[in-house]
Amino acid sequence: MSAPVRFERIDGVGVITLDNPPVNALSIALRTGVRDALSEALADDAIAAVVLTGGGRMFCAGADIKEFDTGVSNESPNLPELIELVESSPKPVVAAMHGTAMGGGCELALGCHARVAAAGMRIGLPEVTLGLVPGAGGTQRLPRVLGVQAALDVIVSGRPISAENAHAGGLVDELVGPGGDLVATAVAMAKKLAAADGPPPKTRDREERLEEARQQPGLFNDYRKSIARRARGFEAPYACIDCVEVAVTKPFEEGLAFERDTFQKLRASDQSKAQRHAFFAERQANKVRGVSPDTKELPIRKGAVLGCGTMGGGIAMCFANAGIPVTVTEGEQAALDRGMKLIQGNYAATVKKGRMSQEAMDACMALITPTLDFDSIADSDIVIEAVFENMDLKKEIFTKLDALCRPDAVLATNTSSLDVNEIAATTSRPEQVVGLHFFSPANVMKLLEIVRGDRTSPQVLATALALSKKLGKVGVVVGVCDSFAANRSLYAYSRQAGFLLEEGALPEQVDKVITDFGFPMGPFAVGDLAGVDVGYKIRQHRGRPDGRYSDIADKLYEMGRYGQKTAKGWFRYEDGRTPIPDPEVTELIIQTSKDLGIERREISDEEILQRCLYPLINEGARILEEGIVERSSDMDLIWLYGYGFPRYRGGPMFWADLLGVDHVYEVMKGFHEAHHDWLEPAPLLERLAKEGGTFGGWSAT
Ligand code: COA
C-alpha cells in the first residue's frame, strides 16, 4: 500500500503533499509517509528546503480521532515525534496551508519554520471541543507565536481563526490572495530561509511573547474565572489553561511533557469519550437510510414561514441569519406587526449585548418580508407552516399550499406532535412534505428534528439536511409517531419530575440535581421559561396521555402562575429570570400529596436523577426499537441540541452505555415494581441488559 503522501521536487525544494482524503487526518500511515518523505528530502543534497502542503480541500484536520480509541495515535512516529523531526530539521520546512488547518494540522504547521496561508482559510486548535488539550505542542508553541492572551482564546474556545487574523497576530508569515500560487509562494519562502545564515528558526526558542504574560501575574486565574459560566462541568477548558500557564512558567521541554501527560489523561476520560462520540454522532446523522450521498438536494434560495408567532418569527430569523430571503405571513395585520416587533426586539437585544453589529441586524431585517398576502409565497422554494398545533387547521393550509406552490417546492410543517402522514395526505405530492420541528427559541436552539413521512422523498430529506446545516442547525431525521422522538422522550422525563413532587421532593431540589448533573436548567425552571400556560393549553388540547400525570402544573395555571411572564410559576422571580423557591408552591405540593393520600418521604438526589433520566433512556430504547430513530446516537443528538443534556456526558444513550445497560435495567425494574406508572422496562433495554449489549452497538438489522 502506498503511503498517503506525494513527494515532488520544485525548484530545488522538496514538496510533501498530505494526501489522505477527505480531510488529511494524520493517521499512522500519513505520519509514517511524512517522516519518510522528510528523510528523503534531508538526504538529498539537491534539495535545500521543504514545503509541507495538503492535497484536496484542506491542509489538514489534525490527528485521526478514530485512532484515539485504539491507541494507534501513540504508535511511532506519533505526532509529537513527527513535529520534533520537522522542527529540528536542518533544512527549513515551510507550511503551505489552504482550507483548514485544525488540531494536529495546526501543530504540525507550528513546528515548521514558517507558515504561508491562502486567504480565507481557517486555522485553530479545536481539541477542547473533543474534551482534550492539544497533545502535540499546540499549547506550548501557539502562545510563542501568537501571544498568550490570543492563544488562550483560540485554545480554550476551540474556535478557529481566519488566515487574516492569524497573519495579523503573527501565526501566519505570508498570505496568498485569490489567484496567487500558494505552493510557489511557500517554495520561494523556503528558498529564502535556506539562503539565510544559521539553522532555521525554531518556534520553541521564541520567548518574547511569553515575556508579556510574565508581567501579568493574575492573567491565568482571571481567565479561569472568565470561563466559569460557559465551561461549567467541563474538564478540558481548564486543562488547556493549565497547559498554557506551564508554557509561560516552565522550560519548553517540561511544558511539552506536561501537555502530553494531560492529553493522555483526558484521552482516556469519560468526558473526552463522550465529546468524541458527539463529534461522530453529528456526522453519522447525515447518513440517512434511503438517501444516497449522490442524492441532489433542491436549491433553497427563498423561504416562506406561515405564522409569525414566537416560533414562526424565530424560524424566519434563522433564514435571515443564513442570508436566505424569507417571507412571513399572518392572517391579520395586528398579529403580523406583533411578530415583526418581536423579531426586531430579539435582534436589537443581540446588538445591545455586542454580539451583532447594527449593520448585520439591518441586513437581516431587510431579508424578512412580512405580508398578509398568502399568494405571494407561491414562488418559494420551501414553505414552513408554523401555525397553532391543530390538525384541521394544518390540513386546510396544506390543501391551499398544494394548489399554490410550485410542484418542486418543499412543503414543511413545524408540528411538534401531529401525524405528518395525515398532513401530507391532503396534498397531491406527499413526497414533497416533511416535518421540520424547530425547538424554542428557534433562532437559538440548534436541534432540527426532521420528520420523515412514509412518502417523503430522499431528495426532500437531503434538502432538509442541507438546509439544517445552512441554518447552523443539527438536523436529525426521525420517523412519525406521537410527539416524535424529542418530545416523546421529554415527556418521560418531565412526567417523573412531577411525580417526584407528589412523593416528597420540591422543585428546587429536583432542579438542583438536574443542573448539578450538567443541564443548564432544571425541568421546573424550564417550565417557567416556556410558560406554565403553554404546557397547560397543550394538555387541554391534546387530552391527557395514557396513564396519570401529576396535575400540580395545572393547578399552578389555575392560580395564574404562568412562569417568568407573570413573575410566578414553579418559582417566583424578582429580577425576571432568577428562580426563587416560593412557600406558596411548597404548600400546594404538600396539599396535593395529602389529597392523593401519599405520605411524603425524603427523596435522595440519586433517586431524583435516576427517576428523571432513566425513564428517558427507557423511552429512547422504545423509540430506537420502533425505528423512529435510526441509531442511538441520533437520540443523543436530540438531547444534546434540543434540551441541553451536558455534552461531556455524550447524550442519554451514550451515558447509559457508560453506566451499563444492565444497571439501568435493574433500576428501572425496581422503579416499576414500586411505582408502576410509565416505568415498565422497554423490551430492548431488557434484552440488551441480559445479553450484555450496548445501545451504541445495537442495530436493527
Ligand atoms: N479524524 C478522523 N476523521 C475525521 C477527522 C479527524 N480529525 N476530521 C474529520 N473526519 C471525518 C469525518 O468524520 C467525516 O467522516 P465521514 O465522511 O465518514 O462522516 C469526514 O472526515 C469529513 O468530515 P466533515 O466534518 O463532514 O467535513 P467538513 O468539511 O464539514 O469539516 C473539518 C471539516 C476539518 C472542519 C471538520 O471535519 C473538523 O472539525 N474535524 C475535526 C478537527 C479536529 O477536531 N481536529 C483535532 C483532532 S484532536
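Strands β1 and β2 form a hairpin with two residues between them, and Asp11 in the turn has a positive phi of about 55°. The model is a predicted one, in which local features require pLDDT of at least 70 and side-chain atom pairs count only at pLDDT 80 or more, while totals for chains, interfaces and linings use all residues. Residues are numbered from 1 along each chain as its sequence is written, and side-chain values use heavy atoms, with hydrogens and water left out.

Arg9 stands opposite Gly14 in β2. Two strands pair if DSSP finds at least two bridges between them. Helices (H or I, at least four residues) and strands (E, at least two) are DSSP runs, numbered from the N terminus.

**Salt bridges**

A salt bridge is a side-chain nitrogen of Lys or Arg within 4 Å of a carboxyl oxygen of Asp or Glu. By this rule the count comes to 45 salt bridges.

Burial is described by relative accessible area: buried means under 20%, exposed over 50%, and partly exposed in between (1.4 Å probe, protein chains only). Arg144 counts as buried because its relative accessibility is 1%, while Glu207, with a relative accessible area of 32%, is partly exposed. Both Lys394 and Glu385 are buried. Arg631 counts as buried at 16% relative accessibility, and Glu630 is partly exposed at 30%.

Salt bridges also join into a network, which links Glu84, Glu87, Arg141, Arg204 and Glu253.

**A positive patch**

On the surface, Arg229, Lys353, Arg355 and Arg577 gather in a patch of positive charge. Patches are made of residues with over 30% relative accessible area and no salt bridge; like charges are joined within 9 Å, and nonpolar side chains (Val, Leu, Ile, Met, Phe, Trp, Tyr) within 5 Å. Arg229 is placed in the loop between α10 (219–226) and α11 (236–249). Arg229 counts as exposed because its relative accessibility is 77%.

How values were computed:
Areas by Shrake-Rupley, 256 points an atom, 1.4 Å probe, with all protein chains shown as cover. Lys, Arg positive; Asp, Glu negative; His and termini not counted. Charge placed at Lys NZ, Arg CZ, Asp CG, Glu CD.
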